[in-house]
Amino acid sequence: MTNDFHGAKAAVFLGDDLLVYQRDDHVVWPQYWDFPGGGREGHETPAECLRREIAEEFGLTIADSDIEWSRPFPAVKDPAAIAYFFVVMLPASRAADVRFGHEGQRWALMPPRDVAQLPNVVPGLMDRLMRWLREAGRNPI
């Protein structure tokens, strides 16, 4: 993984469901549904950035063993920059550990098929999730 990147996002599974949240009104993609993650701070690695963001946004700690997949992609806001996309697998019981932070309006757990049918998901996220599903040999949405 490179140290030249913009940020990190993840499809965080709690059991079979995805952890998603609805963005605030005063940010890019207002009221859109988003996956956990955000911008890089300092000299963080992609995984460090992701772990910090998930802890800030949802109060969850992520171990290296929880990360199943990661790839660099063009950043959604700036395609000339790189952003990392991860897939994180946690047991469904960890939903009890969620402590929603100050970013976003609300959070939810949804099956991937339901997330894919939302009219307002941050662009690119479902395409990245679909790539992982294909590469992992899992059923597509």
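Is Glu56 buried, partly exposed or exposed? Glu56 comes out as partly exposed, at 40% relative accessibility. Keep in mind that this is a predicted model.

1. **E1 is well covered.** Strand E1 spans residues 7-14, and eight of its eight residues are buried. In a regular strand, side chains alternate between the two faces of the sheet. Here one side carries Gly7, Lys9, Ala11 and Phe13, and the other has Ala8, Ala10, Val12 and Leu14, with all of them buried.

2. **E1 and E6.** E1 runs parallel to strand E6 (residues 82-90), and eight bridges join the two. If you want a spot to look at, Ala8 sits opposite Tyr84 of E6.

3. **E1 and E4.** Strand E4 covers residues 37-39 and is antiparallel to E1, with three bridges between them. Gly7 has Gly39 as its bridge partner in E4.

4. **The E1-E2 hairpin.** E1 also pairs with strand E2 (residues 17-22), in the antiparallel sense and over two bridges. Phe13 faces Leu18 of E2 across this pairing. The hairpin has two residues between its strands, and Gly15 there takes a positive phi near 70°.

5. **Salt bridges around Arg52.** Side chains of opposite charge can pair when their charged atoms come close. The whole structure holds eleven salt bridges. Arg52 has Glu53 as one partner, with the closest N and O atoms 3.1 Å apart, and Glu56 as another, at 3.3 Å. Arg52 and Glu56 are both in helix H1 (residues 46-58), four residues apart, or about one turn of the helix. As for cover, Arg52 has a relative accessible area of 16%, so it counts as buried. Glu53 is buried too, at 5%.

6. **A link across the sequence.** Arg71 and Glu135 form a salt bridge whose closest N and O atoms are 2.9 Å apart. Arg71 belongs to strand E5 (residues 67-74) and Glu135 to helix H3 (residues 125-135), so this pair ties together parts that lie 64 residues apart in sequence. Arg71 is partly exposed, with a relative accessible area of 28%. Glu135 is also partly exposed, at 40% relative accessibility.

Conventions:
Residues are numbered from 1 along each chain as its sequence is written. This is a predicted model: local features need pLDDT of at least 70, side-chain atom pairs count only at pLDDT 80 or more; totals for chains, interfaces and linings use all residues. Side-chain values use heavy atoms; hydrogens and water are left out. Buried means under 20% relative accessible area, exposed over 50%, partly exposed in between (1.4 Å probe, protein chains only). Two strands pair if DSSP finds at least two bridges between them. A salt bridge is a side-chain nitrogen of Lys or Arg within 4 Å of a carboxyl oxygen of Asp or Glu.
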